[in-house]
Amino acid sequence: MKIVNLLSERPVMLGLVAVLVACIAACGGSSSSNQTPPSVVGPITSTPSPTPTPFSALQAATTIDPTRLLNYAAPTLPAFYDGQVTPLDNTPANNQANDRLATLGRVLFYDRQLSFNRTVACASCHQQASGFDDPSRFSAGFSGTAFTSAHAMRLGNVRYWRPGSMFWDRRAASVELQASHPITNPVEMGFDAANGGIAALIVRLQAIPYYQELFTFVFGDATVTEDRLQRSLANFERAMVSSASRWDTAYALVFAPDAPNRGLDTPLPGFSAVEERGHQLFMASRQNGGAGCSACHVPPTFALAANSQSNGLDAGETRIFKSPSLKNVGLSKFYMHDGRFSSLAEVIQFYDNGVQAGPALDNRLIGPNGTPRRLNLSVADKAALEAFLLTLSDPNITTDPKFSNPFR
């Protein structure tokens, strides 16, 4: 009975099938026998777009891997970087060493976007291979035709200059505040008032995808501010701690924290006779037969003593200069704020017999008769001092990838 009823309804069902086929044809369907039946294909779904990685722009532009940050905040330092050195650190409470901040600072340091016409970066004047010094006497500015009036300074151990002031004339109160000066200088990087100042740079950086990623990574949002730029650059620069020179390696073997002078005048293993003579001249006071260099260039950081005054470079000098740490001094090609000397021999000769009187002259450079001190070193002793200064070269600073150019 049931079969009979189905058969009796066959014309109706055939009609419905015909209508369905017509609809499919009208919608672009094909009657080809090669077409897969709809019941086999199942519901049609769109292919999902790939999810972008949070650092795609950064990784396209640089070699930085945010999941494997390089170590800036906790370097392994020799034992003599102890409680007597720590108080010299000029790091402020609001900018403690941080791997993320230093990583951002590294990108900023090497990025030519920070100059008005995108031609120079901080690293153009502070070159890693030269101990973050400039091999030229004066640095070329963003225009390529104008030059700075002062020689660029080495950056190694900048964190151990206790006053924290920057530039030869100490006009910037901190490493942070120093960062804005080259950017807004009309010769150096060109974002002066006429070119929109820091505000114009911020607008530029804000639009760059890898900075959107980096600032969010470091600060939690992509907002670019001058304070954030300053803190990042300063964090990177303070990470340039020099502790792997030949002198460091040798001194680590004789360091005695409780010994007189902490063992600084103990003969150093591995030094030649000439280097050791230079070592003794550098460390010993004038009263003890030395040149007294360490009274102003204080080991183990060899940064300038906080209370240093003028070095008597010119007669009647009233300015109180700052000098960089002597680490990697042998890599420099020019010396003093104006680069007037082009060799260590000239520098030594100046301190031997060239210091001039002036109201700001440091008292360590004044002799017992009240006039500028004269060392009257022999030719051999001058050569020995130069040989010792060359032992302060630190290959780690000049080759460490974490201080190198991160751009592809």
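Student: How many cavities of 30 Å³ or more does a search of the whole structure find?
Tutor: Keep in mind that this is a predicted model. Rolling a probe the size of a water molecule over the atoms shows where empty space is left. With a threshold of 30 Å³ or more, a search of the whole structure gives a number of cavities that comes to four.

Student: What volume does the largest cavity have, and which residues are the closest to its centre?
Tutor: The volume of the largest cavity is about 700 Å³. Its lining is made up of 39 residues, and by class these are 24 nonpolar, nine polar and six charged. The closest to the centre of the largest cavity are His297, Leu326, Met336, Val347 and Tyr351.

Student: Which helix gives the most to the lining of the largest cavity?
Tutor: Two helices, α14 (344-353) and α15, each supply at least two residues of that lining. The one that gives the most, with four residues, is α14.

Student: Which residues line the second largest cavity, and how much space lies in it?
Tutor: The lining consists of Arg154, Leu155, Gly156, Asn157, Val158, Trp161, Ala303, Leu304, Lys322, Ser323, Pro324 and Ser325. By class, these residues divide into six nonpolar, four polar and two charged. The space in the second largest cavity is about 60 Å³.

Student: Is Ser323 buried or exposed?
Tutor: Ser323, one of the residues lining the second largest cavity, lies in the loop between β2 (303-304) and α14. Leaving aside neighbours within four places in sequence, Ser323 is in contact with Met153, Trp168, His297 and Leu304. Because its relative accessible area is 18%, and buried means under 20%, Ser323 is classed as buried.

Student: Which residues lie nearest the centre of the largest pocket?
Tutor: About 660 Å³ of space lies in the largest pocket, and 36 residues line it. The elements that give two or more residues to this lining are α6 (122-125) and α11 (226-238), while the classes of the lining residues are 20 nonpolar, nine polar and seven charged. Nearest the centre of the largest pocket lie Ala152, Phe167, Arg171, Pro182 and Glu188.

Student: Are α13 and α15 roughly parallel or roughly perpendicular to each other?
Tutor: Helix α13 (residues 273-283) and helix α15 (residues 379-390) pack with their axes 7 Å apart and at an angle of about 90°. Angles of 65 to 115 degrees count as roughly perpendicular. The two helices, α13 and α15, are therefore roughly perpendicular.

Student: Which residues of α15 does α13 meet?
Tutor: On the α13 side, the residues are Val274, Glu275, Arg277, Gly278, His279, Leu281, Phe282 and Met283. By class, the contact of α13 with α15 has 10 nonpolar, two polar and three charged residues. The α15 residues that meet α13 are Asp381, Ala383, Ala384, Leu385, Ala387, Phe388 and Leu389.

Student: What do the buried residues of α13 pack against?
Tutor: The buried residues of α13 are Glu275, Glu276, Gly278, His279, Leu281, Phe282 and Met283. They pack against α12 (246-254), β1 (297-298) and α15.

Student: What separates the C-alpha atoms of Glu346 and Lys382?
Tutor: Glu346 lies in helix α14, and with a relative accessible area of 33% Glu346 is partly exposed. Along the chain, Glu346 and Lys382 are 36 residues apart, and the separation of their C-alpha atoms is 10.0 Å.

Conventions. Residues are numbered from 1 along each chain as its sequence is written. This is a predicted model: local features need pLDDT of at least 70, side-chain atom pairs count only at pLDDT 80 or more; totals for chains, interfaces and linings use all residues. Side-chain values use heavy atoms; hydrogens and water are left out. Axes are lines fitted to C-alpha atoms, for helices over the stretch in contact, and angles run from 0 to 180 degrees between N-to-C directions. Angles under 35 degrees count as roughly parallel, over 145 as roughly antiparallel, 65 to 115 as roughly perpendicular and the rest as oblique. Contact means heavy atoms within 4.5 Å. Ala, Val, Leu, Ile, Met, Phe, Trp, Tyr, Cys and Pro count as nonpolar, Asp, Glu, Lys and Arg as charged, and the others, Gly among them, as polar. On a 1 Å grid over the protein atoms alone, a cavity is a set of points where a 1.4 Å probe fits but cannot get out, and a pocket is an open set with protein on both sides within 12 Å along at least five of seven lines; lining residues have an atom within 4 Å of a point. Grid points are joined across faces, edges and corners, and a volume is the space filled by probe spheres set on the points. Buried means under 20% relative accessible area, exposed over 50%, partly exposed in between (1.4 Å probe, protein chains only).
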